[in-house]
Amino acid sequence: MTKKEISTAIPHKVPADLRKVLTSSSAARAAWEDITPLARNEWICWIISVKKPETRKLHIERVRTELIEGMRRPCCWVGCPHRRSVAR
């Protein structure tokens, strides 16, 4: 079995737990590949910004389901704090 590559984002790399979820669902993976690197970065930042492991697991599952449902970015989230300096 060959390792499936997942497109990355800038500045974040795809965490292993998210990579596992994306490679296990062809629909989620296709949606991930269809969004921009900036949108990928926002999903990743939304996942890594939480403090509790339980919340992180919930976020990862939401990424999978929401990508499949057609969402392109995390809903109702301020955005990646790494972009704040750029936005000002």
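Predicted model: local features only at pLDDT ≥ 70, side-chain atom pairs only at ≥ 80, totals over all residues.
Rings of Phe, Tyr and Trp, the last taken by its six-membered ring, form a pair if their centres lie within 6.5 Å, and planes over 60 degrees apart count as edge-to-face. The ring centres of W43 and W46 lie 5.7 Å apart and their planes stand at 80 degrees, so the pair is edge-to-face.

Both partners belong to helix α3, where W43 and W46, being 3 residues apart, are separated by about one helical turn. W43 is buried, with a relative accessible area of 0%. W46, at 5% relative accessibility, likewise counts as buried.

As for geometry, the axes of α3 (residues 37-48) and α4 (residues 53-68) come within 8 Å and cross at roughly 155 degrees. Angles over 145 degrees count as roughly antiparallel, and α3 and α4 are therefore roughly antiparallel to each other.

A further helix pair is formed by α1 (residues 16-24) and α2 (residues 26-34), which pack at an angle of about 110 degrees with their axes 5 Å apart. This angle makes α1 roughly perpendicular to α2. On the α1 side, the contact is made by L18, L22, T23 and S24, and on the α2 side by S26, A28, R29 and W32. Sorted by class, the contact of α1 with α2 has 4 nonpolar, 3 polar and 1 charged residues.

Key:
Residues numbered from 1 in each chain as written. Heavy atoms only, no water. Axes fitted to C-alpha atoms, helices over the stretch in contact; angles between N-to-C directions. Helix = DSSP H or I, 4+ residues; strand = E, 2+ residues; numbered from the N terminus. Parallel < 35°, antiparallel > 145°, perpendicular 65-115°, else oblique. Contact = heavy atoms within 4.5 Å. Nonpolar A, V, L, I, M, F, W, Y, C, P; charged D, E, K, R; others polar. Phe/Tyr/Trp six-rings, centres within 6.5 Å; stacked < 30°, edge-to-face > 60°. Buried < 20%, exposed > 50% of the residue type's maximum accessible area, 1.4 Å probe, protein only.
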